[in-house]
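Have a look at the picture, then read on.

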Amino acid sequence: MLAYIFERFPKFSQTFCYREVVELFGQGEKPAIFSLRSPDLGPEQSWDDEILKVVHVLPEGDEFAKAVDAESHKIPKVARKILREWRGRRDSLRLHQAVYIGVRLRELGVTHVHTHFAGMAARTAFWIREFFGITYSVTVHANDIFTPNNFEIGLDKILRSASAIVVVSDFGADYIRKRFSETAKRVYRVYNGIDVEQFQPPKFDQPSLVLSIGRLISKKGFDILIDACAILRERRLDFQCEIIGEGPLQRELQARIDQHHLAGRLTLTGPKAQRAITSRLAQATVLTLPCRVDPDGAMDNLPTVIMEAMAAALPVVTTDLGGNREMVVDGETGFVIAPENTPAIADATERFLTDRALAQQFGQCGRQRAIDLFSISRNVRALRKIIS
């Protein structure tokens, strides 16, 4: 039997994890699901009750401490010794979570655990393997491998201990193989999956709409998009721009919009549920996401919104970072621009705003590519083969 451990499940900003679990259920694989922290449902309303009701959220505070104490006699002596040695040390909570979950995994007959991100859940899975001998695999994404946190059980130990390492892009897989060469034979690339049929192609006969979606953080490059929109306005183009999402840079970005006198033309809409995002994609002309590398090395690897836009038959303007070029074929499904090149972002976006036939042609090519590469059913079947 399989189990999943998440830091938080479901989590509004990580719909790719939720989609994977939904598809597993649809394929008849119903893993036990543990969430170390309480779910973050956000504004989404379409969560499946069948899945929500099986998520085991760990208790907190005194309730959790009592539960772990009650299970301590069920773990090997060597594990109890390690628990004592780690008392008061940074990240010692992961060991106690491993005890709490591991006992239940053993009672359920679970033989393997899968996690997403080389973070809190993966560190808990590491200790479950140490204490109970239950193997684990991990899907790694972006910041967890490009700018990993500095814990004693760090990225190197997690990857060396995992039975399989799933990476969401060839770019990321090559990065892992080069940096941790001893893990190369256990590294697999499996793209995040989507249900392409949930997305409806636009008709391209509506007012021009530039769309962008993501957390309002530096690596998304929304400040670059705002500056590019200022250039487009100076060229007297008739368009609207919407940035869907929330995050710590909201005030800063709004100030930039105001500075460029773009109020009424460019809107920070806040977060939206998946159904609303799908609707806006169907009304857009182009998706523009000018990702960048932050000074600390943080960057996107395979932004889900790009594959969603492709599924919606939208042309895409983005930058040459991470796995973006694996999704967007420059000159066929969109334009891939060098990072931090605001004028080029404006030029590429303008191409689609002023040539609807080109936008439609590129969008249709992108939709077919999304069908070929990002089918949720095909990609989850590939994942099941790896972690089985």
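## Ground rules

A residue counts as buried when its relative accessible area is under 20%, as exposed when that area is over 50%, and as partly exposed in between (1.4 Å probe, protein chains only). Helices (H or I, at least four residues) and strands (E, at least two) are DSSP runs, numbered from the N terminus.

The model is predicted, with local features needing pLDDT of at least 70 and side-chain atom pairs counting only at pLDDT 80 or more, while totals for chains, interfaces and linings use all residues. Residues are numbered from 1 along each chain as its sequence is written, and side-chain values use heavy atoms, with hydrogens and water left out.

## Helix 1

Start with helix 1, which covers residues 15-26. Its 12 residues reach 16 Å from the first C-alpha to the last, close to the 16 Å expected (the expected span is 1.5 Å times one less than the number of residues). Because 10 of those 12 residues are buried, helix 1 is largely enclosed by the rest of the structure. Among the buried ones are Phe16, Tyr18, Leu24 and Phe25, and also Arg19, Glu20 and Glu23. After the helix comes glycine 28, with a positive phi near 90 degrees.

## Helix 6

Now jump to helix 6, residues 120-132. The buried set includes Met120, Phe126, Trp127, Ile128, Phe131 and Phe132, along with Arg123. Just after helix 6, glycine 133 has a positive phi of about 75 degrees.

## Where helices 15 and 16 cross

Helix 15 (residues 342-354) and helix 16 (residues 356-373) have axes that come within 5 Å and cross at roughly 105 degrees. The axes are lines fitted to C-alpha atoms, for helices over the stretch in contact, and angles run from 0 to 180 degrees between N-to-C directions.

Which residues of helix 15 and helix 16 meet? From helix 15 come Arg351, Phe352, Leu353 and Thr354, and from helix 16 Arg356, Leu358, Ala359 and Phe362 (contact means heavy atoms within 4.5 Å). By class, this contact has five nonpolar, one polar and two charged residues. Ala, Val, Leu, Ile, Met, Phe, Trp, Tyr, Cys and Pro count as nonpolar, Asp, Glu, Lys and Arg as charged, and the others, Gly among them, as polar.

## Salt bridges

A search of the whole structure turns up 26 salt bridges, each being a side-chain nitrogen of Lys or Arg within 4 Å of a carboxyl oxygen of Asp or Glu. One of them pairs arginine 384 with glutamate 29, their closest N and O atoms 3.5 Å apart. This pair links distant parts of the chain, 355 residues apart: arginine 384 sits in helix 17 (residues 376-387), and glutamate 29 in the loop between helix 1 and strand 2. Arginine 384 is partly exposed at 28%, and glutamate 29 is partly exposed at 23%.

Lysine 74 and glutamate 71 form another, at 3.0 Å between the closest N and O atoms.
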